[in-house]
Amino acid sequence: MKTMITTLLFSALCVATVSAQTDEKDNAMLNNGINFLDIPYVAHTLEATDGEEELIINCDEVDCTTFVEYTLAMALSPTEDGQIAEGDFADKLQMIRYRDGKINGYTSRLHYIADWVNNGIRNGFLEDVTTVNSPYIQQVSLSYMSSHPELYKQLSNSPENVAKMKEIEKSLNGQEFHYVPKDKLPFDGLPWIKNGDIIAITTNTPGLDVAHMGIAFYVNGKLSLLHASSKEKKVVISKVTLGQMLQKNKNWTGIRVLRMKK
């Protein structure tokens, strides 16, 4: 299927180079993520079109997932004379957001983070560092989207898409992944969790695997989260540690930790 790109707000931010706002000048994930600070949190920006599924680029409004996707796409893209080409950025984003980089309708988008992580590992740009560092295991059990189609514009009036989503959920269910339970995460983090790692927060909400995403950032030696906050309506660095965030939320169970491979 032909790739179509809807560029809503392809701002200078999307093509900016790392501006090295931390001591880790070569940490593209962290520094590109920091460049998004105070960008507004806006939900459902990928549902901007009513027709055929398209690659949407909107770096000026993000949710927790698109924030991580844009940051990762920037970090993976080559730079020339301090700039990222829009075409390179779009190619990387499409590979991150869609199953094996192929746009084939709404269900080709990687809605579940279990699917998103599998795609990143399979295509060589992500590694799951939790697998070799934490012995704790959860089993994937997904059903939320197919059982709540009324919450999704592209599912609410499409039995065909609901059926496809059920098949995707079925293909993922039963898979196991390693995670760090929240009572095993010290407030100062863990030695193997690095600045710029992607943090996926696991949940006990029935039918879901992950409830929130962000980027690891140590502040004064404490593991914090750089993330698009629905509560604060913008990209922020958490005022409390990631461990404290987890303890305060009864539906959050722990974290998966992913790392970019370039």
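Predicted model: local features only at pLDDT ≥ 70, side-chain atom pairs only at ≥ 80, totals over all residues.
Residues are numbered from 1 along each chain as its sequence is written, and side-chain values use heavy atoms, with hydrogens and water left out.

Where does Q154 sit? You'll find Q154 in helix α7, residues 153-156.

And what does Q154 touch? Leaving out residues up to four places away in sequence, Q154 touches E47, Y106, R109 and N161 (contact means heavy atoms within 4.5 Å). With E47, the side chains make a polar contact at 2.6 Å, that is, a pair of N or O atoms within 3.5 Å, one able to donate a hydrogen and the other to accept it.

Now, the pockets. The second largest pocket holds about 160 Å³ of space. Q154 is one of its lining residues, and Y106 and N161 are among the others. By class, that lining has one nonpolar, five polar and four charged residues.

The largest pocket has a volume of about 1400 Å³. It is lined by 45 residues, and the closest to its centre are Y41, C64, T65, A211 and H212. Helix α7 is among the elements giving two or more residues to this lining. Its residues divide into 20 nonpolar, 14 polar and eleven charged.

Key. Helix = DSSP H or I, 4+ residues; strand = E, 2+ residues; numbered from the N terminus. 1 Å grid on protein atoms, 1.4 Å probe; cavity = no way out; pocket = protein on both sides within 12 Å on 5 of 7 lines; lining within 4 Å. Points joined across faces, edges and corners; volume = space filled by probe spheres on them. Nonpolar A, V, L, I, M, F, W, Y, C, P; charged D, E, K, R; others polar.
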